[in-house]
Every structure is written in structure tokens, then in C-alpha cells.
Amino acid sequence: MLDPDLISSALERHLPRALPQAGLRPAAVLLPIYRRQGRDTVLLTRRSDRLNHHRGEISFPGGARNADDVDLRATALRETEEEMGIRAGDVSVLGRLDDFVSVAGYHVTPFVGTFRYPYPFVVNREEIAEVLEVDLEQLRDPAVFRKENWSHRGRQFPVCFYTVDGNEIWGLTAAILRQFLKRVSLRGQVA
């Protein structure tokens with residue numbers, strides 16, 4: 001069982017890498033973890049096909065920073081509430097991970113948080129097509145992870161993938177998830 005205090009301590013031991021925002025739109029996501037039916041679980045969502053970007057992809061709750069957000073942590077919590085109905089006051093933020101840059105031009109700061117479960121999710125069907133509750137233990141299996149080298153705008157870069165229960169978690173979401181698992185030592189045998 002994941003101990004929120006231990007996760008918080010593990011995240012504090014690593015100074016998050018801050019990347020310059022130079023020309024990128026600031027955004028934030030929440031990596032929500034909780035105990036579900038006795039299992040440590042991460043909440044992911046499949047984005048609606050009606051959205052302009054990343055249609056049908058699996059992601060964490062999150063999005064672009066609004067002018068009213070006091071900081072990126074507030075962005076992650078606001079977006080989580082908008083997408084899943086999880087109120088900001090019900091989330092304990094345990095820490096943050098490194099900044100990431102998306103191919104869509106976003107500077108993404110991921111935060112890790114937890115909340116009491118069961119929770120009465122209120123899913124925004126305009127943005128979310130499906131809610132995925134993934135057992136963290138499944139993600140420890142090296143067989144569900146792979147990395148491919150992709151080319152984008154003339155540059156090669158590695159792309160992470162987790163394939164769980166027929167769902168493919170890839171790209172930025174998989175990279176964030178992998179970093180979280182490494183930081184809290186849940187990566188199993190994943191290289």
C-alpha cells in the first residue's frame with residue numbers, strides 16, 4: 001500500500017527539473033492516486049473525440065493555465081475538478097515531478113495528489129470519453145512497458161508506452177507515469 005507521507009518524501013528528495021517556458025503555453029496535470037478495492041490505483045481519462053487536441057488519447061486530468069489560476073498547482077486542481085468533479089479541497093497534493101514539453105507546444109508541470117475513495121466522480125462528457133482506473137501493480141510489470149524512437153520535426157526522441165488491459169498509455173502521459181514510478185520506486189524491472 002502506498003503511504004502518502006512516503007510518496008511525499010520520495011518526491012521531495014528529487015528537485016524537479018524546471019524547463020524554460022520560452023514560447024510554450026503553460027499547463028499542468030494531476031497524477032491522482034488512491035486506494036480502490038484494496039489496490040493502489042491511478043486515475044486516467046480517455047479524451048473525447050470532440051476535442052481539438054489529442055483526441056481519444058489517454059491522459060491525466062489537466063490542461064492549460066488560465067489567467068485566474070494563482071499558480072500551476074491551481075491549474076491542475078481546477079482542471080481535475082472541471083473534468084472529473086474532484087473538488088480541489090478534497091485533494092492532498094503530495095508533490096510534483098519534472099516539467100515536460102508536449103509536441104502540441106505546452107509546457108506541462110505534473111503534480112501528484114491523492115483523495116479519499118470512493119469518490120462521487122462527476123465526469124465532464126464534453127472532455128472525457130472514458131475513465132480508466134489502473135492498478136499501479138500492473139504498471140510494475142516490465143512486459144507492459146516499451147520505448148520506441150520516433151521522429152518529430154527532424155528530431156529523434158524516445159516515446160514511452162504502457163499497454164494495460166488493452167489500453168495504450170503513451171507519450172507524455174506515459175513519460176510522466178514512468179517518472180512517478182521511478183521516483184517512488186514502483187517501477188519493478190522496467191529499464
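Strands here are DSSP E runs of at least two residues, and helices are H or I runs of at least four, both numbered from the N terminus. This is a predicted model, where local features need pLDDT of at least 70, side-chain atom pairs count only at pLDDT 80 or more, and totals for chains, interfaces and linings use all residues. Residues are numbered from 1 along each chain as its sequence is written, and side-chain values use heavy atoms, leaving out hydrogens and water.

Stay on T45. It lies in strand β2, residues 39–47. T45 is buried, at 0% relative accessible area. Buried means under 20%, exposed over 50%, partly exposed in between (1.4 Å probe, protein chains only). Show its contacts (heavy atoms within 4.5 Å). Leaving aside residues up to four places away in sequence, T45 touches E57, I58, S59, M84, I128 and E130.

Now select all of β2. Of its 9 residues, 7 are buried.

- β3 (residues 58–59): antiparallel to β2, with 2 bridges.
- β8 (residues 128–135): antiparallel to β2, with 7 bridges. Here R46 stands opposite E130.
- β1 (residues 25–36): antiparallel to β2, with 4 bridges. Pick R35 and D40, which are bridge partners.

Move to the turn. β1 and β2 form a hairpin with 2 residues between them. Click Q37 in that turn: its phi is positive, about 50°.

Finally, select residues 24–156. The chain there is 13% helix and 45% strand. The end C-alpha atoms are 20 Å apart.

Terms used
Pairing = 2+ DSSP bridges.
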